[in-house]
Amino acid sequence: MTGQTDKKASDGSPLIGVRVANGDPLRQWLTDRQQRMMAPGLATQLRAEAVMLRDLLAAELRRQRWTLAELGLLADVMNGDILTSSVYTGGVSMITANLVDATSGLEAEYEAQHGVHPARVVEKLQTLGPAADAALRDALSRWWATQDEGPDAHTVEGWARVGVRVVEG
């Protein structure tokens with residue numbers, strides 16, 4: 001698969017073109033979905049899949065509820081990690097693995113700093129499926145990217161800007 005950005009839209013912005021080789025399993029999957037969804041072409045289907053992914057991540061994030069203490073702990077241990085497109089398929093989510101690795105042997109210190117025990121957050125993270133984990137990782141990454149936008153970053157409003165619902169507790 002390759003990307004192409006040399007063409008321009010009518011507003012001058014670059015168009016994104018994607019080429020998927022004939023033998024690539026992704027092309028076979030897209031073609032199958034395109035036929036079943038009756039999309040006019042693979043480019044339209046690929047756009048529909050990207051929109052669906054965006055909407056799926058937003059829906060998964062809307063289902064989650066986090067306290068400021070939990071989010072502070074997660075933001076601390078994720079520490080602006082580079083976002084990846086990986087999806088976990090095994091027993092431990094990527095955020096859970098980061099949290100356990102960072103806090104192992106230091107649970108009391110992290111609890112004192114953030115007001116929540118890491119084990120409580122691990123329990124909550126273990127209820128997330130792969131899409132919910134990806135949605136939270138995306139939100140944490142976007143939150144870190146907005147740190148220079150003002151002093152209210154670690155507030156209900158600051159987290160709401162990246163789609164996270166904050167609850168008391």
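# Briefing: pockets, core and helices

Thirteen residues line the second largest pocket, and by type they split into eight nonpolar, three polar and two charged. The model described here is predicted.

**Second largest pocket**

- The second largest pocket holds about 270 Å³ of space.
- Among the residues of its lining, Leu53, Leu57, Ser85, Val87 and Ala134 are nearest the centre of the pocket.
- Helices H2 and H7 each supply at least two residues of the lining of this pocket.
- Of the contributors, H7 has the largest share of that lining, with five residues.

**Largest pocket**

- The largest pocket has a volume of about 390 Å³.
- Its lining is made of 13 residues, and those nearest the centre are Ile16, Val18, Ala43, Leu46 and Arg47.
- Strand E2 (17-19), helix H1 (25-37) and helix H2 each provide at least two residues of this lining.
- Helix H2 gives the most, with six residues.
- By type, the lining of the largest pocket has nine nonpolar residues, one polar residue and three charged residues.

**Largest nonpolar core**

- In soluble globular proteins, nonpolar side chains tend to be buried together.
- The largest nonpolar core in this model has 29 residues, and the members that touch the most others are Trp66, Leu74, Leu125, Leu136 and Trp159.
- At least two core residues come from each of helix H2 (42-63), helix H3 (68-78), helix H4 (94-103), helix H6 (118-125) and helix H7 (130-145).
- Helix H7 supplies the largest share of the core, seven residues.
- Which residues does Leu125 contact, leaving aside its neighbours within four places in sequence? They are Trp66, Leu74, Ile95, Thr96, Leu99 and Leu136.

**Helix H3**

- Helix H3 is mostly covered, with eight of its eleven residues buried.
- The buried residues of H3 are Glu70, Leu71, Gly72, Leu73, Leu74, Ala75, Val77 and Met78.
- One of these, Leu74, is also among the core members that touch the most others.
- The cover over the buried residues of H3 includes H4, helix H5 (107-114), H6, H7 and helix H8 (156-160).
- Just after H3 comes Asn79, where phi is positive, at about 45°.

**Backbone at Met38**

- Most residues other than glycine have a negative phi, and most peptide bonds are trans.
- Met38 is a residue other than glycine with a positive phi, near 60°.
- Where does Met38 lie? Met38 is in the loop between H1 and H2.
- Met38 counts as exposed because its relative accessibility is 73%, and the cut-off for exposed is over 50%.

**Ala58**

- Ala58 is part of helix H2.
- Is Ala58 buried, partly exposed or exposed? Ala58 counts as partly exposed because its relative accessibility is 31%, and partly exposed lies between the cut-offs of under 20% for buried and over 50% for exposed.
- Ala58 and Asp76 are separated by 18 residues in sequence, and their C-alpha atoms are 22 Å apart in space.

Technical notes:
Residues are numbered from 1 along each chain as its sequence is written. This is a predicted model: local features need pLDDT of at least 70, side-chain atom pairs count only at pLDDT 80 or more; totals for chains, interfaces and linings use all residues. Side-chain values use heavy atoms; hydrogens and water are left out. A nonpolar core is a set of buried Ala, Val, Leu, Ile, Met, Phe, Trp, Tyr and Cys residues joined through side-chain atoms within 4.5 Å. Buried means under 20% relative accessible area, exposed over 50%, partly exposed in between (1.4 Å probe, protein chains only). Helices (H or I, at least four residues) and strands (E, at least two) are DSSP runs, numbered from the N terminus. Contact means heavy atoms within 4.5 Å. On a 1 Å grid over the protein atoms alone, a cavity is a set of points where a 1.4 Å probe fits but cannot get out, and a pocket is an open set with protein on both sides within 12 Å along at least five of seven lines; lining residues have an atom within 4 Å of a point. Grid points are joined across faces, edges and corners, and a volume is the space filled by probe spheres set on the points. Ala, Val, Leu, Ile, Met, Phe, Trp, Tyr, Cys and Pro count as nonpolar, Asp, Glu, Lys and Arg as charged, and the others, Gly among them, as polar.
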